[in-house]
Protein chains: 2
Amino acid sequence: MKIVECVPNFSEGRRENVIEQIVAAMAECPGAQVLDVQSDPDHNRSVVTLIGAPQAVAEAVFQGMAVAAELIDMDHHRGGHPRMGATDVVPFVPVRGATMEDCVALARQLGARAGSELGIPVYLYEAAATRPDRRNLANVRRGEYEGLKAEVATNRDRAPDYGPSVLGTAGATAIGARPPLIAYNVYLNTDDVEPAKAIAKAIRHSSGGLRYVKAMGLIVEGQAQISMNLTDYRRTPIHRVTELIRSEAARFGLAIVRSEVVGLLPAEALIDAARFYLQLADLSSSQVLENRLSDEE
Amino acid sequence: MKIVECVPNFSEGRRENVIEQIVAAMAECPGAQVLDVQSDPDHNRSVVTLIGAPQAVAEAVFQGMAVAAELIDMDHHRGGHPRMGATDVVPFVPVRGATMEDCVALARQLGARAGSELGIPVYLYEAAATRPDRRNLANVRRGEYEGLKAEVATNRDRAPDYGPSVLGTAGATAIGARPPLIAYNVYLNTDDVEPAKAIAKAIRHSSGGLRYVKAMGLIVEGQAQISMNLTDYRRTPIHRVTELIRSEAARFGLAIVRSEVVGLLPAEALIDAARFYLQLADLSSSQVLENRLSDEE
């Protein structure tokens, strides 16, 4: 039984009845579960987390896109977060049994359908991208709704992968596939932000650190925190990030007080950490009781 | 959705066709899965691992017991392992969503049914025991099939919880509930068995160590191994056992080379280890994606 996650972002974070109608359209689809809805009025944006069988999740997102296209007019949308469409971005994430290739296929299938049935220009991004420059979402969304609307018909470089080369009031949507993202924070035994900033700089990819780590140092409730996004836990596992922080912290005479995961993460990410620390060299995932269960059902 | 495991032990480890018929009777029950069958000709005993919904697993075990009672004659059974019945022992184990209380209720329900429908004397043991002296399986099985057969009618202390106070050729069965058992081995960087024996003695319950650890030191393929059974990983977690071994090994100038789990273990046991080593103080099991899925389906 394959399970995928999808985290569609909609350009509405203020009108509760609109958010409710979009979520309801998705929740009604059998086989797909809405796990979480986060609405941000400043960003004027809602982030929905769905999980379930691949086709069920794709169907649910399509229904959500249809409602969003009807109820959100991008000509009147203002908010603090970059955006280009009523349904702005739709990442599919392999969770269990499913591969990245499954999610790429799902992204393309949904893209084709949204393009033809809803008339929405769709850009494939990240693992589903058809061109290297479209892997990065920021490139796809450059100029946002207004900039893309002005350019899409005339600049062949900005032609969508699916749908018309013209933006209606529903704007355009980026649909893609990516690994699960883990929001991971580590707290240090200090109220000084400087060591947290130095450690964040040491461990993050952008300044020479680990490939799939984004990090910044800040103070949260009086305690220094290294706030991270782990963008591919299979290639840059949590334990490696944690031990690197521990080592860098020791250089300041500091230690890790505690850590936290914000939101959800796959069991595999934690089991990998146990495999490292307990030195379980040959532990296979088929030894985990719950995995046997789902394999054979 | 509640999931339990059951590990019935049958007194047949030589006649393949008998083992196959017992296993087939269990495998035919919808909702129960046979994960593993281990037959030992010296012990003349087979250990079957089943998993599934509580009622489905109980039904499967009942069908297995019925076939075993028909095909195994305890008057002619010889083997190296203590035994008192064709179906010798039936432990139910909570795996996911299910509690120990659920498994105790299941043990009693199956016991009552086996007693009345199959005429087999049933003794409840471990968490399902009705008397403190029956918690320990060794007490229940004292004298084995032959000794119990001679005593059961006359010694009121040995009256079964269910079924008649007389043993037929199917003998008697102990049915109970216990936590998942984890077979965990740790290897040291030495070919000398003495440090492994000393560490096993230091960490095991019987000689002053951790409450839910059984351990012995031995040499496996030229390498010192501490071979363990962790009988309640929630109360004596794997990480505490591992770190205690690490500390005791250091006293001999030794280190852990690798460790291994033999057979299956619940994901929770590994997630607990990640929670310890990554210092995830507040991580709840509802943050694990897979758990959300099964909660809401």
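Two strands are taken to pair if DSSP finds at least two bridges between them. In this predicted model, strand β3 (residues 32-40) of chain A and strand β4 (residues 45-52) of chain A are joined by eight bridges. The two strands run antiparallel. One of the bridges links Asp36(A) to its partner Thr49(A) in β4(A). The hairpin formed by β3(A) and β4(A) has four residues between the strands, and in this hairpin Asn44(A) adopts a positive phi near 50 degrees.

Elsewhere in chain A, Pro8(A) is located in the loop between β1 (3-6) and β2 (9-10). Its relative accessible area is 0%, and because buried means under 20%, Pro8(A) is classed as buried. When neighbours within four places in sequence are left aside, the contacts of Pro8(A) include Ser46(A), Val47(A), Val48(A) and Leu50(A). Met26(A), Val61(A), Val89(A), Val90(A) and Pro91(A) are also in contact with Pro8(A). Ala177(A) is 169 residues from Pro8(A) in sequence, yet the C-alpha atoms of Pro8(A) and Ala177(A) are 11 Å apart in space.

In chain B, helix α7 (residues 238-250) has 13 residues. At 1.5 Å a residue, a helix with this number of residues should span 18 Å, and the end C-alpha atoms of α7(B) are 18 Å apart, so the two values agree. The buried residues of α7(B) are Ile238(B), His239(B), Val241(B), Thr242(B), Ile245(B) and Ala249(B). Viewed down the axis of α7(B), these buried residues fall within an arc of 160 degrees, and therefore they line one face of the helix. The elements of chain B against which they pack are β8 (182-188), α6 (193-203), β9 (213-220), β10 (223-230), β11 (256-262) and α8.

Helix α8 of chain B contains Asp272(B). This residue has a relative accessible area of 18%, which is under 20%, so Asp272(B) counts as buried. Apart from neighbours within four places in sequence, Asp272(B) is in contact with Tyr233(B) and with His239(B), the latter being one of the buried residues of α7(B).

Aromatic rings form a further group of features. A pair of such rings is described by the distance of the centres and the angle of the planes. Over all chains, the count comes to three aromatic pairs. In one of them, Phe276(A) and Tyr277(A) are arranged edge-to-face, with 4.9 Å from centre to centre and 80 degrees between the planes. Phe276(A) is partly exposed, at a relative accessible area of 40%, whereas Tyr277(A) is buried, at 9% relative accessibility. Tyr277(A) also pairs with Tyr277(B): the ring centres are 4.7 Å apart and the planes are at 5 degrees, so this pair is stacked. Tyr277(A) and Tyr277(B) are both buried. Together, Phe276(A), Tyr277(A), Phe276(B) and Tyr277(B) make up one aromatic cluster.

Charged side chains also lie over aromatic rings. In chain A, Arg251(A) is placed over the face of Phe252(A), 4.9 Å from the ring centre. In chain B, the charged end of Arg258(B) sits over the ring of Tyr187(B), at 4.0 Å from the centre of that ring.

Technical notes. Residues are numbered from 1 along each chain as its sequence is written. Chains are lettered from A and ligands numbered from 1 in the order in which they are written. This is a predicted model: local features need pLDDT of at least 70, side-chain atom pairs count only at pLDDT 80 or more; totals for chains, interfaces and linings use all residues. Side-chain values use heavy atoms; hydrogens and water are left out. Rings of Phe, Tyr and Trp (its six-membered ring) pair if their centres lie within 6.5 Å; planes under 30 degrees apart count as stacked, over 60 as edge-to-face and the rest as tilted. Buried means under 20% relative accessible area, exposed over 50%, partly exposed in between (1.4 Å probe, protein chains only). A charge sits over a ring if NZ of Lys or CZ of Arg is within 6 Å of the ring centre and within 35 degrees of the ring normal. The expected span of a helix is 1.5 Å times one less than its number of residues. The arc is that of the directions from the helix axis to the C-beta atoms. Contact means heavy atoms within 4.5 Å.
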